[in-house]
Amino acid sequence: MQEILVLNSGSSSVKFALYHINLEGAAGGAQEALTLAYSGHFSGLATSQCRVSLAHREPGQSPHYYDVQTLKALGLTPAVNHEEAITKLIAWLEQREDKSALIAIGHRVVHGGQTYFEATKLSANDVIELEKFSSLAPLHQPHGLAPIKLLMAQLPDVPQIACFDTAFHTRQPWVARQFALPRELTAKGVIRYGFHGLSYDYIQRTLAHVLPDDARRSRVVVAHLGNGASMCAIRDGVSVASSMGFTALDGLPMGTRSGALDPGVVLYLIGNEKMSIEDVSALLYKRSGLLGVSGISSDMRELLASDAPEAEEAVELYCYRAAREIASLAGALGGLDQLIFTAGIGQHAAPVRARIVTQCEWMGMQLDEKSNARDATCISSTSSRVGVWVIPTDEERVIASDCLALLNRMD
């Protein structure tokens, strides 16, 4: 038995998933050869609220979640920072009774710039190059690269493979990637990159297995709605436009990020409010979005449960902007066949989906209220001209699959 470990490191968390490789299933493709064995996370790192979760998964059975005492016995206790979390995780992997040969560690890296278009086995020089994009994804890039540097030192013989959120969008038409800026800036890489590509890649790989055989799949909009939120227009499996652009700050309002903003607002904040670049960055990345509008919370669940008018205003703005973005992306596609909701809000917030679909009724969407209320896979009515679906995403499986495919090509 061989294994691939997948790490998805955020600003205060480390998600992990361990896949066993079924060599007999490899002929059916990388995804068919992978079986999820363990998954978990360290959350609340660098805070007093750090938590650890671990689930063991046997094929065909419900996940078994370990209790706190068992986790303590395994050495998986709360960590004060990312480095300690990774060190504890690797120590647990090494001492497991069902330990197998670890043949690669796959990492979600948000930004690959114009250089990294596919899963890549990283060298130390690659990491240095990728660090140059940290200013374009300050909430993600440094945290995605830190475990790679640590594991290169701790496990020098295990390949560290990066999979990039920007890679899925590199086949967009050039016109969809340009800003109306002087050409010398475009040549320096000031273009639209798009993000959440691993999530969109998983959804497009999954559609053929989820949608009925007679469903039209050529023009699809996927709404990845979570604490970070974006949408992507996909034609025949290829990204043609996305709501996020140069950075992961663009597009839809998010938990704490503003989304699309008139550039003049930034000039005003610097010139009239005398805010520094650091102040503006903190405002737009950490104090805006749902949190900024509501003044209550960045968590959609709390806002939906609140009676405060400010909470209602934040939800209304979120849904309004989402509906506008769907219309824009449908324009890029020349029409719309399917709308897919995914990620935390997209998968679990039925009231948000209902508001968005209602505002898109003019496009031929009709909601089945009962199906929506129970988070069914298909939530559109039988008379809806546009199919509306709820499909859980799985970025970790895409990473593991692409790692295995890369290793097979290298053999």
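Mentor: One term before we start: helices (H or I, at least four residues) and strands (E, at least two) are DSSP runs, numbered from the N terminus. Also keep in mind that this is a predicted model.

Trainee: Got it. So where is Asn-8?
Mentor: Asn-8 sits in strand S1.

Trainee: Is Asn-8 buried or exposed?
Mentor: Asn-8 has a relative accessible area of 7%. Buried means under 20%, so Asn-8 is buried.

Trainee: What does Asn-8 touch, apart from residues up to four places away in sequence?
Mentor: Ser-13, Val-14, Lys-15, Arg-108, Glu-395 and Glu-396. Lys-15 in S2 also stands opposite Asn-8.

Trainee: How do S1 and S2 run, and how many bridges join them?
Mentor: S1 (residues 2-9) and S2 (residues 13-21) run antiparallel, joined by 8 bridges.

Trainee: Which residues does UniProt mark as "binding site" along with Asn-8?
Mentor: The UniProt record, an unreviewed entry, places that feature at Asn-8 and Glu-395. They span 388 residues in sequence, but no two of their C-alpha atoms are more than 8.7 Å apart, so they gather at one spot.

Trainee: And which residues does the other "binding site" annotation cover?
Mentor: In the unreviewed UniProt entry, that annotation covers Lys-15, His-224, Leu-225, Gly-226, Asn-227, Gly-228, Asp-299, Met-300 and Arg-301.

Trainee: Let's pick Gly-228. Where is Gly-228?
Mentor: Gly-228 is in the loop between strand S9 (219-225) and strand S10 (229-235). Gly-228 counts as buried, at 11% relative accessibility. Setting aside residues up to four places away in sequence, Gly-228 touches His-196, Met-254 and Arg-257.

Trainee: What about Met-300, buried or exposed?
Mentor: Met-300 is buried, with a relative accessibility of 4%. You'll find Met-300 in helix H11 (residues 300-305). Not counting residues up to four places away in sequence, Met-300 touches Leu-290, Val-315, Tyr-318, Ile-345 and Val-352.

Trainee: Back to the strands. What is the strand order in the open sheet?
Mentor: The open sheet has 8 strands in the order S5-S4-S3-S2-S1-S6-S8-S7, and the pairing is mixed.

Trainee: Which strands stand at the edges?
Mentor: Strand S5 (64-65) and strand S7 (120-121). Each has a single partner strand, so one side of each is left without a neighbour in the sheet.

Trainee: And how many residues of S8 are buried?
Mentor: 5 of the 5 residues of S8 (residues 160-164) are buried, so S8 is largely enclosed by the rest of the structure.

Trainee: Which way do the S8 residues point?
Mentor: Gln-160, Ala-162 and Phe-164 point one way, while Ile-161 and Cys-163 point the other way.

Trainee: How does S8 pair with S6 and S7?
Mentor: S6 (residues 101-109) and S8 run parallel, with 5 bridges joining them. Val-109 has Phe-164 in S8 as its bridge partner. S7 and S8 are antiparallel, over 2 bridges, and there Thr-120 has Ala-162 in S8 as its bridge partner.

Trainee: What does the lining have by class?
Mentor: The lining of the second largest pocket has 12 nonpolar, 6 polar and 3 charged residues.

Trainee: Last one: is Lys-149 buried or partly exposed?
Mentor: Lys-149 is partly exposed, with a relative accessible area of 41%. Lys-149 lies in helix H4 (residues 141-154). Leaving aside neighbours within four places in sequence, Lys-149 is in contact with Val-127 and Glu-131.

Notes
Residues are numbered from 1 along each chain as its sequence is written. This is a predicted model: local features need pLDDT of at least 70, side-chain atom pairs count only at pLDDT 80 or more; totals for chains, interfaces and linings use all residues. Side-chain values use heavy atoms; hydrogens and water are left out. UniProt positions are given in the numbering used here, feature names are shortened, and annotations may be inferred rather than shown by experiment. Buried means under 20% relative accessible area, exposed over 50%, partly exposed in between (1.4 Å probe, protein chains only). Contact means heavy atoms within 4.5 Å. Ala, Val, Leu, Ile, Met, Phe, Trp, Tyr, Cys and Pro count as nonpolar, Asp, Glu, Lys and Arg as charged, and the others, Gly among them, as polar. Two strands pair if DSSP finds at least two bridges between them.
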